[in-house]
Amino acid sequence: MKFKLLAIAWIFLFSQKVFGQCVPPTQTFSTDITDSSFTANWVYSGSAASNFEFKHRLKTQTTWQSINVPIGALNSVVIDGYTIGDLVEWHVKVVCEDGSEINSNMEVLRIGGPGVFFVRR
């Protein structure tokens, strides 16, 4: 029994080293919030991702706007086209080499004007 457990543990550790690890993006935050735009930022510490898909929308909408962000690019995007007072939500999806997908936390922010804020969900 001990041999089986050791073999399973070794296979798991070996697969993580050889095949990499696909994990969700973390430390999502918004910066440079203006009257029409913001910069979305995230950290990715995994090694088995094909690309990121950045998604954003007005909180009142049901359809997401998507931007593909290649691995190796900066882990941030500048989003423009909103107006003062718009409530925007966004998240980053990592597309893994094996075809699976993992989402970051959802971020919510108000565009420009007084009372600029963002909320992490």
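Predicted model: local features only at pLDDT ≥ 70, side-chain atom pairs only at ≥ 80, totals over all residues.
Visitor: How many aromatic pairs does the count come to?

Guide: A pair of aromatic rings is described by the distance of the centres and the angle of the planes. Rings pair if their centres lie within 6.5 Å. By this rule, the count of aromatic pairs comes to five.

Visitor: Are the planes of Trp-42 and Phe-54 stacked or edge-to-face?

Guide: The two ring centres are 6.3 Å apart, with 15° between the planes. Planes under 30 degrees apart count as stacked, and those over 60 as edge-to-face. The pair of Trp-42 and Phe-54 is therefore stacked.

Visitor: How many residues apart are Trp-42 and Phe-54?

Guide: Trp-42 belongs to strand E2 (residues 37-43), while Phe-54 belongs to strand E3 (residues 49-58). The pair links distant parts of the chain, and the separation is 12 residues.

Visitor: Is Phe-54 buried or exposed?

Guide: Buried means under 20% relative accessible area. Phe-54 has a relative accessible area of 0%, so Phe-54 is buried.

Visitor: Which strand holds Trp-90, the ring partner of Phe-54?

Guide: The rings of Phe-54 and Trp-90 have centres 5.4 Å apart and planes at 40°, so this pair is tilted. Phe-54 is in strand E3, and the pair ties together parts that are 36 residues apart in sequence. Trp-90 itself is buried at 0% relative accessibility. The strand that holds Trp-90 is E6 (residues 87-96).

Visitor: Which side chain makes a polar contact with the side chain of Arg-57?

Guide: Arg-57 lies in strand E3 and is buried, with a relative accessible area of 16%. Its side chain reaches the backbone oxygen of Thr-62 at 3.1 Å. Leaving aside neighbours within four places in sequence, Arg-57 is in contact with several residues, including Trp-64, Tyr-82 and Leu-87. The side chain that makes a polar contact with that of Arg-57, at 2.6 Å, belongs to Glu-89.

Visitor: Where does Asp-32 lie, and what is its phi?

Guide: Asp-32 is in the loop between E1 and E2. Asp-32 is exposed, with a relative accessible area of 56%. Although Asp-32 is not a glycine, its phi is positive, at about 50°.

Visitor: Is Gln-27 buried or exposed?

Guide: Gln-27 is in strand E1 (residues 26-31), and has a positive phi of about 50° although it is not a glycine. Exposed means over 50% relative accessible area. With a value of 54%, Gln-27 is exposed.

How values were computed:
Residues numbered from 1 in each chain as written. Heavy atoms only, no water. Phe/Tyr/Trp six-rings, centres within 6.5 Å; stacked < 30°, edge-to-face > 60°. Helix = DSSP H or I, 4+ residues; strand = E, 2+ residues; numbered from the N terminus. Buried < 20%, exposed > 50% of the residue type's maximum accessible area, 1.4 Å probe, protein only. Polar contact = N/O pair within 3.5 Å; in protein donor to acceptor, adjacent residues only side chain to side chain. Contact = heavy atoms within 4.5 Å.
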